[in-house]
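Please keep the sequence and the coordinates at hand while reading.

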Amino acid sequence: MSNNYLFALTITPIQSFIAQAKSTKDFYSGSQIISKLIQELLEVFLKHDIEVIFPKDKSIVSNKIIVKIDISDQERIIGELQQKVDEFLLLDTLCNGIKLKTDSKSKEQLQDVFKLFYASVEIKNGYQESYLELEKSLAMVKNLRPFNPIISKNICYVCGVRESYCRDNENKKRCSVCYLKSKYDDSRYLSTAGIASLFWQQNIDTRAYRKEFKSFDEALFFEENLDQEYLQRHHKMELDNRKIKTLKEKRNRLSMQKKPTKQYALINFDGDNIGKILSNGLDGIELEAFHKEFSTKLSSFAKEVKELISDEKGRVIYSGGDDFLGFVTLYYLDEVLEKIRESFETNVNTYQEPISYSTAIVIAHYKAPLHKIIQHSRALLDETKKRYSSHSTLVKGGVGMEIYSTTSLLAKFIGEREEFVLLNTLLGKKVNLYPLQQIFYFAKEDMSYSEYLQLFKMIKIELNRFLLRKEVGFSNREIVAIEKLLLSQVQESYIIDLENFFGFFKTIEQLSKDSYE
Ligand SMILES: [Zn+2]
C-alpha cells in the first residue's frame, strides 16, 4: 500500500450549526452533535489504518481532517464517509430515543443538514506543494456549494432556516434538527442562570429548596423569577400569592447576605493566522514533520483547556485545538483566561516564530437572549482580530470585551493584553465620563499631521489635569499608562478611536459594579 495521496475533508456547517441555539441546551447539544460526527468520520479512517495528520485527537472539534491515503482506497472510503454524513442525524435521533413525526420530510431534513466536501492531491513534488494544492482544491469545492433558500411561512424559530415540523416544550416551532437539539440527552449542560450562579451555589446546600419545585431550573435561584407567571409558564405550577411568599422566604434563607451573580462570561479564544501557519510551517521545519508535530501540540492544548474548565468553573462548548468556546462563571473568569493563555503558550506557542491569538469575552446578564450573545461573541472576535491584524509585525493578538444587560450593550473595549492588565488594576476607580468626554470635544476626524500634534498636546495637558483631580485620583504612573492607551487608539490618518478609549473607562465602571459574590 502506498499512501501517496493527501486527502482533506471538511463538513459544513459547523460554526453556524452550533450557533443556532436559543438555550444553552441547544448550544451544547449542537457542539456535541458535531463532535460525535467528526469522531465517526475519523473512525472510518482509523478502521482502515489510514494515517490521520489532522486532528490528532478524536475529541477535538476540528473543521478539517487531513489524511494520507492510497488512491485505490479512496472511492470506498468516500462512500463510507458520505453514508456516515447522510445517516448521522437520523441514527443519532433514533439512538437518543427521540420520536419524530414519521413523515419523510422530517427525515429528509435530518439527512440534509451536513454536507461533505473533500479533495485529494497526489504527493508528487513534495508534501508542501501538494498541501497547498489540496487547500486550493478544497476551497474551490466548498465554493461550489449550492444554496437553496426555503420559502415558507412555517419557519423554525431557532435556526430561522428550515421548515418547522415539531414543537418544543415551550410549544415553539422547531425544525426536526433543532428539535433534536432540544431533546438531546445530556445531564451536564447548564442554563445561563446556572452558569451565572455557579460559584454562589458551591457554598450553599440547595437540595431542599430544589425539591419545592416540580422541575427545577437555576433561574429559580433569582427572586425575580419567583412569580406566578414564570412558574406557570416554565414549570406548570399554579401557585397563589401566599405560596409564592413562602417560596421567596425559603429562597432568602438559602443565603442571608449573599446573592447569586446575574452575569456569566462567554469566552471565545482563537489562534491567529492558523491557515497561513499550516501552509507555510514555522521555524523552517519541513511541512509534513511540522504538521504532525503541530497537530499533536494542538490536541494537547485542546485537552488541557477542557480539563481546566472544571464543572465548578463553567462549561466548555467546544475545544478545537486552535480555538475554544466556553462559558465561565464570573468568579473564575480571570483565573480561567490566564490558564488558557498559559496552556496555549506552553503547549502550542513553542516556536521561535510566535503565534498570536485573540480572545473575545462577552459578559452577559443571564436573561439576555443567548443567540444574540453568541452572535456578539463571534463578531467581537472578528473585530478584535481585524484591529490587530494591521499590527501584524507585533504579533501580540488582542482581547475584546463586551458587557451586556438583559437588552443592551453597556460597555465595550478592545485592547492589548497589557491594557486589560491595566484595566484590572483600576477596578473600583470612579471616572465621571462626561467631563472626560468634554476634554475631547474639539477632536475631529481626518486631521493633518500638524493639527494632530497640536491636538494631542492639548489633550495630554487636559487629560493629565483631569486624572490628577482629587476626586478622580489616579497616580502619576497610572496617568502615563492611560496616555499610552490613548496613543494606541490612534488609527490610520490620525483618527483617534475615542469610542474605544471611553469604552475602557465604561468597562471599568461596569466591572466595578458587579461584586463577584
Ligand atoms: Zn431549526
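## A hairpin and its buried strand

In the hairpin of strands E8 and E9, where 3 residues lie between the strands, Gly-321 adopts a positive phi near 100°. The model is a predicted one, in which local features need pLDDT of at least 70 and side-chain atom pairs count only at pLDDT 80 or more, while totals for chains, interfaces and linings use all residues. Residues are numbered from 1 along each chain as its sequence is written.

Strand E8 (residues 314–319) and strand E9 (residues 323–329) run antiparallel and are joined by 5 bridges; strands count as paired if DSSP finds at least two bridges between them, and helices (H or I, at least four residues) and strands (E, at least two) are themselves DSSP runs, numbered from the N terminus. Within this pairing, Val-316 has Gly-326 of E9 as its bridge partner. Because 6 of the 6 residues of E8 are buried, this strand is largely enclosed by the rest of the structure. Here a residue is buried if 20 or more other C-beta atoms lie within 10 Å of its own, exposed if 12 or fewer, and partly exposed in between, with C-beta atoms placed from the backbone.

## Overall build

The protein chain contains 20 helices and 12 strands. Its radius of gyration is 26 Å, close to the 24 Å that the globule rule gives for 517 residues, so the chain is as compact as a globular protein of that length; the radius is taken over C-alpha atoms, and the rule is 2.2 Å times the number of residues to the power 0.38. Along the principal axes, the C-alpha atoms of the chain fill a box of roughly 80 × 70 × 45 Å.

Of the 517 residues of the protein chain, 34% count as buried. Among contacts between residues at least 6 apart in sequence, 66% join residues at least 24 apart, where a contact requires that the two C-beta atoms, placed from the backbone, lie within 7 Å.

## Domains and the core they share

The domain assignment gives domain 1 (5–183), domain 2 (204–254) and domain 3 (263–415), with bounds that come from an automatic or database domain assignment. The C-alpha centres of domain 1 and domain 3 lie 23 Å apart, and 23 residues of domain 1 are in contact with 20 residues of domain 3. On the side of domain 1 that touches domain 3, the elements that give two or more residues are helix H1 (15–19), helix H2 (24–47), strand E2 (51–54) and helix H5 (127–143). The residues of that side divide into 13 nonpolar, 6 polar and 4 charged, with Ala, Val, Leu, Ile, Met, Phe, Trp, Tyr, Cys and Pro counted as nonpolar, Asp, Glu, Lys and Arg as charged, and the others, Gly among them, as polar.

The largest nonpolar core has 106 residues, and those with the most contacts inside it are Ala-265 and Val-362; such a core is a set of buried Ala, Val, Leu, Ile, Met, Phe, Trp, Tyr and Cys residues joined through C-beta atoms within 7 Å. H2 supplies the largest share of this core, 9 residues, and the core draws at least three residues from each of domain 1 and domain 3. Not counting residues up to four places away in sequence, Val-362 touches Ala-265, Leu-266, Ile-373, His-376, Ser-377, Leu-380, Glu-402 and Tyr-404.

## Loops and backbone details

The bond from Thr-12 to Pro-13 is cis, with omega near -5°, and Pro-13 has its place in the loop between strand E1 (5–12) and H1. A cis bond also joins Phe-54 and Pro-55, with omega about -15°, and Pro-55 is found in the loop between E2 and strand E3 (65–69).

Asp-49, in the loop between H2 and E2, has a positive phi near 55° although it is not a glycine, and it is exposed, with 9 other C-beta atoms within 10 Å. Pro-260 lies in the loop between helix H11 (241–254) and strand E7 (263–271), yet Pro-260 is buried, with 22 other C-beta atoms within 10 Å. Leaving aside neighbours within four places in sequence, Pro-260 is in contact with Ala-196, Ser-197, Trp-200, Phe-221 and Phe-222.
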